[in-house]
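Student: Could you walk me through this structure with some questions and answers? I would like to learn how to read it.

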Amino acid sequence: MGRTSDYELYLKVQEENKEALEMLYDRYEKLLFSFSFKMLRQKELAEEAVQDVFMKLWRKKGLYSDDKGKFSSWLLTVTRNACIDLIRKQQKNEVEILEKDIDYERTESVEETVTWNEERESLKEAVSSLTEEQQDIVEMFYFKGYSQSDIAEQKNIPLGTVKGRIRLALKHLKKIYQERGDKYGAENLR
């Protein structure tokens, strides 16, 4: 007995056959994840895109027909669109977060704002004394919210190296704060 074609599986999925969906998933999950990861550069988002595609296959009827070309090509197009939707959603969330930060800043007193700006400038100056690699990793980890694993994956370096560079960067920053006599800043770098 020959292999069931993608189109036959798709038709069974339309009839809510879970085994058919699992077979399509097994055939295309790695390809779609790889494709999504290249577009999104984040493992979690790539997984979400793949999940969105298979949920769409399961829930929506009549999306695909033979006249839309090869099933795998059509599936990649659906995946690309899912990735674009996630990118747009992420950009919208970033804008909303930024707007919330602005609202929060507006409620701070002038004294708090001045203190915050001084601390920020002090930190920027201290960070600028780090090596370029350390600056990059510190920015990704502390200011952009990447996990250490994400940084290791993006930089194509071992996780232990990322941890070591962060540890060395913090040690260096703490030393700078101590030399300045900034006990508060040094204590915050734990």
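Student: Which backbone nitrogen does the side chain of Gln14 reach?

Tutor: This is a predicted model, where local features need pLDDT of at least 70 and side-chain atom pairs count only at pLDDT 80 or more, while totals for chains, interfaces and linings use all residues. Residues are numbered from 1 along each chain as its sequence is written, and side-chain values use heavy atoms, with hydrogens and water left out. Gln14 is in contact (heavy atoms within 4.5 Å) with Leu57, Lys60, Lys61 and Gly62, leaving aside neighbours within four places in sequence. At 2.7 Å, its side chain reaches the backbone nitrogen of Gly62.

Student: Is Gln14 buried or exposed?

Tutor: Gln14 lies in helix α1, residues 6-14; helices are DSSP runs of H or I, at least four residues, numbered from the N terminus. The classes go by relative accessible area: buried is under 20%, exposed over 50%, and partly exposed in between, with a 1.4 Å probe and protein chains only. Since the relative accessibility of Gln14 is 16%, the residue counts as buried.

Student: Which residues does Phe54 touch, not counting residues up to four places away in sequence?

Tutor: Phe54 is among the residues with the most contacts inside the core. Once residues up to four places away in sequence are set aside, Phe54 touches Leu21, Leu24, Tyr25, Tyr28 and Leu32.

Student: How far apart are the end C-alpha atoms of helix α6?

Tutor: The expected span of a helix is 1.5 Å times one less than its number of residues. Helix α6 (residues 132-143) has 12 residues, so it should span 16 Å. The model agrees, with end C-alpha atoms that are 15 Å apart.

Student: Against which helices do the buried residues of α6 pack?

Tutor: The buried residues of α6 are Gln134, Ile137, Val138 and Met140. They cover an arc of only 165° around the axis, so they sit on the same side of α6; the arc is that of the directions from the helix axis to the C-beta atoms. On the other side of α6, Glu132 and Phe143 are exposed. The buried residues pack against α7 (148-155) and α8 (159-180).

Student: How many residues apart in sequence are the parts tied together by Lys61 and Glu16?

Tutor: A salt bridge puts a side-chain nitrogen of Lys or Arg within 4 Å of a carboxyl oxygen of Asp or Glu. Lys61 and Glu16 form one, with their closest N and O atoms 3.8 Å apart. Lys61 lies in the loop between α3 and α4 and Glu16 in the loop between α1 and α2, so the parts that the pair ties together are separated in sequence by 45 residues.

Conventions:
Helices (H or I, at least four residues) and strands (E, at least two) are DSSP runs, numbered from the N terminus. A polar contact is a pair of N or O atoms within 3.5 Å; within protein, one must be able to donate a hydrogen and the other to accept it, and residues adjacent in sequence count only if both atoms are side-chain atoms. A nonpolar core is a set of buried Ala, Val, Leu, Ile, Met, Phe, Trp, Tyr and Cys residues joined through side-chain atoms within 4.5 Å.
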